[in-house]
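Subject: Structure handover

Hello,

Here is the structure I promised to pass on. Please open it beside this email and follow along.

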Amino acid sequence: MKQLFSCFLFRKRPEDGLSAPRRAAFWLWNGLLMLGAALALGLLCLMLAPAQYGWELFYDYLDHPALVALNLLPPVVLMALLYGLSGRAWLAYALTSLPVLGLAAGNAYKMFFRDDPVIAADLLLLGEAGNMAGKYQLFLFGKLAAALGCALVSALLLALLARGRPLGRFRAGIAGTALACAAALSPLYASDQVYQDNANEEHINKWSVTQQYVSRGLLYPFLHSVKDAFPRPPEGYDQREAEGWLAQYEDAAIPEDKKVNLVGIMLEAFTDFSQFEEIQFSQDVYAVWHALEQEGYSGSLLANIFAGGTVNTERAFLTGVGDGNYDYRGDAPSYVRYLKGQGYRATGSHPSYNWFYNRQNVNAYLGFDSYRFTEDYFGPVYGADPVLNDDGFLPDLTRTVLEQLEQDAPLFSFSVTYQGHGPYGDRECWWGEPEDFFTNPGLDDASRYILSNYLGSVMATQRHLADMVDAFRASDEPIVLVVFGDHKPWLGNGNSVYHALGVTLDQDSQEGFYNYWSTPYLIWANGAAKAALGRDVRGKGPDISPCFLMNVLFEQLGWTGDAYMQAVDPCRAELPVIHSHGARLTAAGELTAQLPPEQKELARRFLCLSYYRAHQLER
């Protein structure tokens, strides 16, 4: 070994007097070893990219040389930059491996748990992601173990074999060249046309956003998503045009005698699985919910999220902005502020941590007077650690709402539950036995437990919701309740339980689209509210985007709303669903991505108004 390392190739620097060819060979040897290690690291990342979609998609990458190059170039450039800065090949490789394999591992787990890849915008919520990771059972899978082992071996080999340490000017040149390459490549990675040209759709559902992303590897689509981490105006956006549209309307006042109290509740992962004929129920799990629907006005939301991303539906409802996935950083216009301008008090609760989705700050920006969380209320009062389930939360909310109604000002209360949040246990049933809920044969034990734990949870939530309705029904104060689910639930890694049941999630079809995105909403009014409004508030409502739920609520109450609500109402009437993934639902019930010119202009108008409200009106 000692004799081997006496070779000029393995020294830290070429010796004085070494011939020019040998000097060239020395640096070429070091360069090729580092290039090979960086390319191998990129391939390891590509190996991990498909997650549950398996080797077939990895082999598809290899059939698309441009995709391979786009995924392998980032570690090469980054390692060159770090080598220029550190002068040590093994250190440059180790520092490159950390973000590359860290991203690959995080993406794989997110895919396994939620069928959702890591995008650049997720880095803005690293605190939430880290805390939520603890809710899932992480596991070391074979590909990740192999990748980590290969990375360790590569670092050791570079420490032994690529020992060249360039001096200052040479190192600066390497780092400068790497930075120049990164700058030159940036437009390529940002280009939507290049992204489209590198489609890899042979073995994926081309309508699935997740699969479109994964079909392009990981490092390439991740870098392409960087530009989407920061707000971009919709096509054809003009601020003055949006201002002109809004200027045509004025905020309408709510008549004093029509100011009923509003109580909004968003139920975590709540949906009505009785729509699935594939589930053989052993009891009417949704009996309470269906009874409440008979008393009120109900329909379906077509959410922009699946199995996670709760805040998207929440903030779309509160602001009317089409895609609610925006982390407000200052006082912002919202329906909360409109109601406060009409003399309402705005309060709410969430029986979990205040840092989750930055609610503590954002809810204040949206106009809430107060909001209760685990840290300041549910922990000290109930000993909730970390959350309070619905058997404690909904009775507490009922009591506090009734107490607040004793004050003079009308109330707008909006709360978000936590019970129902995945994952659900796959080793035992928390609510009895699986057979208490369904009798489907052929399901493995894990699937049976996951499904029964979800159904048991929604049954319990309905019982406590019914108790709340009974209390409101008995109240002499006018109360209107609006309840809705935020998204479909997680049911096993890679949606395994949905697949085991035979429920289609194929978004090529309208059935699959609804199965994937739909959740129920309900508007219910007590007798005092119906008398004050002169309305029954009962019937079948339209299928809508979450951003239009407040419009539908105001319509049922006979209210006109603020200027923004009035400006977007024509679009809501024609296109009740404007999905963030491109689909549109017409008033006739047709789900499409292709609209005639008049409706296309309505959609553009809504998207421009929505962008203006979210990004241009911050005070």
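Arg399 is partly exposed, with a relative accessible area of 36%. Asp396 is buried, at 2%. The two residues form a salt bridge, with their closest N and O atoms 2.8 Å apart. A salt bridge here is a side-chain nitrogen of Lys or Arg within 4 Å of a carboxyl oxygen of Asp or Glu. Side chains of opposite charge can pair when their charged atoms come close.

Asp396 and Arg399 sit 3 residues apart in helix α17 (residues 390-404), so about one helical turn separates them. Helices (H or I, at least four residues) and strands (E, at least two) are DSSP runs, numbered from the N terminus. Arg372, Asp396, Arg399 and Glu403 are linked in a network of salt bridges.

A word on the source: this is a predicted model, where local features need pLDDT of at least 70, side-chain atom pairs count only at pLDDT 80 or more, and totals for chains, interfaces and linings use all residues. Residues are numbered from 1 along each chain as its sequence is written, and side-chain values use heavy atoms, with hydrogens and water left out.

The salt-bridge count comes to 19. Another of them joins Lys340 and Asp369, with the closest N and O atoms 2.8 Å apart. This pair links distant parts of the chain: Lys340 is in helix α14 (residues 335-341), while Asp369 is in the loop between α15 (359-366) and β4 (370-372), 29 residues apart. Lys340 is partly exposed at 31%. Asp369 is partly exposed too, at 45%.

Lys259 and Glu256 also meet in a salt bridge (2.7 Å, N to O). Which of the two is buried? Lys259 is, at 15% relative accessibility. Glu256 counts as exposed, at 62%.

**A buried strand**

Now find strand β7 (residues 518-525). Of its 8 residues, 8 are buried, so the strand is largely enclosed by the rest of the structure. Ser518, Pro520, Leu522 and Trp524 point one way from β7. Thr519, Tyr521, Ile523 and Ala525 point the other way.

Which strands join β7? Strand β2 (residues 297-302) runs antiparallel to β7, joined by 6 bridges. Strand β6 (residues 479-485) is also antiparallel to β7, with 5 bridges. In β7, Tyr297 has Ile523 as its bridge partner, and Val483 has Leu522.

Three strands form an open sheet in the order β9-β10-β11, with antiparallel pairing. Two strands pair if DSSP finds at least two bridges between them. The edge strands are β9 (577-578) and β11 (591-592), each pairing on one side only.

**The whole chain**

The chain has 24 helices and 11 strands. Its radius of gyration is 28 Å, close to the 25 Å that the globule rule gives for 619 residues, so the chain is as compact as a globular protein of that length. That radius is taken over C-alpha atoms, and the rule is 2.2 Å times the number of residues to the power 0.38. Of the 619 residues, 55% count as buried.

Best wishes

Note on methods
Buried means under 20% relative accessible area, exposed over 50%, partly exposed in between (1.4 Å probe, protein chains only).
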